[in-house]
Amino acid sequence: MAIKVIPADAPLGAEVCGVNLSRPLNRETVEVVHEAWLEHLVIYFRGQEIDQHQQLAFTQHFGEVGAMRSPRTQLDLKGIPQEPGIMTVSNIRRNGKPLGLAHDGEMWFHSDMCFEENPLKATLLYGIEIPSKGGNTLFANMYLAYERLSKDIKETIRGRTALQMHEFHRTDRPQLREDMSDVAHFSHPVAITHAETGRQALFVNRLMTARINGLDEADSDMLIDELLRVSEDPAIVYEHVWKPGDLVMWDNRCVTHARTDFSETERRLLRRTTTDGSRPFETMVEYSSAGAP
């Protein structure tokens with residue numbers, strides 16, 4: 001079956017048809033998938049039947065598999081530990097304990113691991129059990145978010161960095177503190193240049209962006225609110241309604257994502273893999289001088 005890439009009715013996202021992820025892929029297929037991913041930012045494959053090893057094998061085509069950073073052991077439904085690089089994304093609990101990190105209900109827009117020096121490049125999520133309603137994933141196009149900023153705002157953020165921090169909340173803004181030793185955090189440019197496409201993307205989000213460095217608190221909060229207003233505009237968002245067997249892959253360098261609420265009485269189980277990224281820079285000149293690949 002020939003590979004088809006069908007764009008979603010949205011400013012990002014596309015379905016890739018004609019690829020069986022349970023089988024080894026040749027170089028030509030991987031190149032088509034990679035190009036579709038860069039063009040559409042989010043791609044998804046329907047009706048896949050893959051185990052954790054097959055998901056890891058597919059992930060490895062796009063970079064080094066990201067290591068699990070959680071101290072909690074990731075378990076499958078039978079209580080068996082998952083392979084390194086696998087994260088269980090679920091609200092299911094065994095003996096009162098989550099299978100992995102607890103993923104219940106709504107979660108605000110964010111970019112995976114943006115609070116580290118080297119944020120993740122790609123995230124791949126495979127749907128196993130899906131609630132009858134809700135638990136959808138929203139994806140925002142951060143290329144368009146940057147393009148839609150006013151000239152004055154673009155000039156204001158030029159050369160500025162934002163502090164990103166992780167407080168393990170789902171629907172609360174991060175709170176600054178004097179002692180940051182116990183919370184993961186890192187500052188990155190407010191607008192970055194994508195390492196492969198060369199396009200500018202806004203790199204802030206509601207869940208993890210704590211402040212714009214170099215501004216007082218009031219001005220920082222005001223600027224963040226304006227950036228979030230633009231970056232969460234429904235006009236630049238694709239909403240993925242999950243089905244069991246979906247594999248969704250997105251680019252954390254130019255996409256933020258969020259989860260819609262769902263009933264705590266329904267089970268939701270997905271399996272996540274990632275690829276490691278590199279430190280983002282504001283311009284390609286800076287990026288090249290840093291010696292990044």
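**What I am working from.** This is a predicted model, in which local features need pLDDT of at least 70 and side-chain atom pairs count only at pLDDT 80 or more, while totals for chains, interfaces and linings use all residues. Residues are numbered from 1 along each chain as its sequence is written, and side-chain values use heavy atoms, with hydrogens and water left out.

**The sheet.** I traced an open sheet of eight strands, in the order S1-S2-S3-S17-S9-S19-S4-S7, and noted that the pairing is mixed. Strand S1 (4–7) and strand S7 (101–102) are at its edges with a single partner strand each, so one side of each has no neighbour in the sheet.

I then looked at strand S9 (residues 122–129), where six of the eight residues are buried; buried means under 20% relative accessible area, exposed over 50%, and partly exposed in between, with a 1.4 Å probe and protein chains only. On one pairing, S9 runs antiparallel to strand S17 (residues 247–251) over five bridges, and there Leu124 stands opposite Met249. S9 is also joined to strand S19 (residues 269–275) by seven bridges, again in the antiparallel sense, with Tyr126 opposite Arg271.

**Helix H2.** Which residues of H2 (residues 52–59) are buried? I found Gln52, Gln55, Leu56, Phe58 and Thr59. Looking down the axis of H2, these buried residues fall within an arc of 160°, so they line one face of the helix; the arc is that of the directions from the helix axis to the C-beta atoms. Their cover includes helix H1 (27–40), strand S3 (42–45), S9, S17 and S19, where contact means heavy atoms within 4.5 Å. At the start of H2 I noted that a side-chain oxygen of Asp51 comes within 3.1 Å of the backbone nitrogen of His53. For such a polar contact the rule is a pair of N or O atoms within 3.5 Å; within protein, one must be able to donate a hydrogen and the other to accept it, and residues adjacent in sequence count only if both atoms are side-chain atoms.

**Helix H5.** I checked the length of H5 (residues 217–231): its 15 residues, at 1.5 Å a residue, should span 21 Å, and its end C-alpha atoms are 21 Å apart, which agrees; the expected span is 1.5 Å times one less than the number of residues. The buried residues of H5 are Ser220, Leu223, Ile224, Leu227, Leu228, Val230 and Ser231. They cover an arc of only 160° around the axis, which puts them on the same side of H5, whereas Ala218, Met222 and Arg229 are exposed on the other side. Among the elements covering the buried residues of H5 are strand S10 (137–141), helix H3 (142–147), helix H4 (151–157), S14 and strand S15 (209–212).

**The nonpolar cores.** A nonpolar core is a set of buried Ala, Val, Leu, Ile, Met, Phe, Trp, Tyr and Cys residues joined through side-chain atoms within 4.5 Å. The largest one has 51 residues, and those with the most contacts inside it are Phe139, Leu149, Ile157, Val190, Leu202, Leu227 and Val255. Apart from it I found another core of 19 residues, among them Val30, Ile50, Ala122 and Met249.

What does Leu202 touch, leaving out residues up to four places away in sequence? I listed Met142, Ala145, Tyr146, Leu149, Ile157, Val190, Ala191, Leu227 and Ser231. Leu202 lies in strand S14 (residues 200–202) and is buried, with a relative accessible area of 2%. With the same exclusion, the partners of Val255 include Leu12, Leu41, Phe139 and Trp250. Thr256, in strand S18 (residues 255–259), counts as buried at 5% relative accessibility.

**Two positive phi values.** Most residues other than glycine have a negative phi. I therefore flagged Leu41, with phi near 75°, in the loop between H1 and S3 and buried at a relative accessible area of 2%. Met113 has a positive phi of about 60°; Met113 is in the loop between strand S8 (107–110) and S9 and counts as buried at 12% relative accessibility.

Methods
Helix = DSSP H or I, 4+ residues; strand = E, 2+ residues; numbered from the N terminus. Pairing = 2+ DSSP bridges.
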